[in-house]
Amino acid sequence: SADKIKDFVNDITPYDIPVELASAKYMVNAKSIMGILSLDLSRPVEMLVPDKTDQTQEQELKEIYCIGQKYRV
């Protein structure tokens, strides 16, 4: 729902690290409501963080959102 997306973006925005959401062949900024709405949310969505990320913030995101995959920038 739009409210859940808004809440998610509000939760992610304070983090100083880039976070992406990927679904199928598309990748969008996780801090963008419009970007998230452009994804096919009926398919699995992965949250991605760069390898070179503040470890404390990365660990918090992993614990909150069960992030399992990283990508290189």
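View 1. Arg 43 is partly exposed, because its relative accessible area of 45% lies between the limits of 20% for buried and 50% for exposed. In this predicted model, Arg 43 belongs to the loop that connects helix H2 (33-37) with strand S3 (46-50). When residues up to four places away in sequence are left out, Arg 43 touches Ser 23 and Ala 24. Arg 43 and Ser 23 are 20 residues apart along the chain, and their C-alpha atoms are separated by 6.8 Å.

**View 2. Ser 23 and its surroundings.** Ser 23, a residue of strand S1 (residues 20-23), has a relative accessible area of 3% and is therefore counted as buried. Leaving aside residues up to four places away in sequence, Ser 23 touches Leu 39, Asp 40, Arg 43, Pro 44 and Val 45. For one of these residues, Pro 44, the backbone oxygen is reached by the side chain of Ser 23 at 3.4 Å.

**View 3. The two sides of strand S1.** Side chains in a regular strand alternate between the two faces of the sheet. In S1, Glu 20 and Ala 22 point one way, whereas Leu 21 and Ser 23 point the other way, and all of them are buried.

View 4. Strand S1 runs antiparallel to strand S2 (residues 26-29), to which four bridges join it. Within this pairing, Glu 20 has Asn 29 as its bridge partner in S2, and Ala 22 has Met 27. The hairpin formed by S1 and S2 has two residues between the strands, and in it Ala 24 adopts a positive phi near 55 degrees. S1 is also joined to S3, by three bridges and again in an antiparallel arrangement, and in this pairing the bridge partner of Leu 21 is Met 47 of S3.

**View 5. The largest pocket and its lining.** The volume of the largest pocket is about 150 Å³. Helix H1 (2-12) and strand S3 each contribute at least two residues to the lining, and the largest share, three residues, is supplied by H1.

**View 6. The whole protein and the confidence of the prediction.** The protein contains three helices and four strands, which follow the pattern α-β-β-α-β-α-β when read along the sequence. Of its 73 residues, 36% count as buried, and among contacts with a separation of 6 or more, 40% are made by residues 24 or more positions apart. The mean pLDDT of the protein is 79, with 79% of the residues reaching 70 or more. Over residues 68-73, by contrast, the pLDDT is below 50, although this stretch has 16 contacts in the model beyond near neighbours in sequence. Where pLDDT is low, predicted coordinates should not be read in detail.

How values were computed: Residues are numbered from 1 along each chain as its sequence is written. This is a predicted model: local features need pLDDT of at least 70, side-chain atom pairs count only at pLDDT 80 or more; totals for chains, interfaces and linings use all residues. Side-chain values use heavy atoms; hydrogens and water are left out. Buried means under 20% relative accessible area, exposed over 50%, partly exposed in between (1.4 Å probe, protein chains only). A polar contact is a pair of N or O atoms within 3.5 Å; within protein, one must be able to donate a hydrogen and the other to accept it, and residues adjacent in sequence count only if both atoms are side-chain atoms. Contact means heavy atoms within 4.5 Å. Two strands pair if DSSP finds at least two bridges between them. pLDDT is the predictor's confidence in each residue, from 0 to 100. On a 1 Å grid over the protein atoms alone, a cavity is a set of points where a 1.4 Å probe fits but cannot get out, and a pocket is an open set with protein on both sides within 12 Å along at least five of seven lines; lining residues have an atom within 4 Å of a point. Grid points are joined across faces, edges and corners, and a volume is the space filled by probe spheres set on the points.
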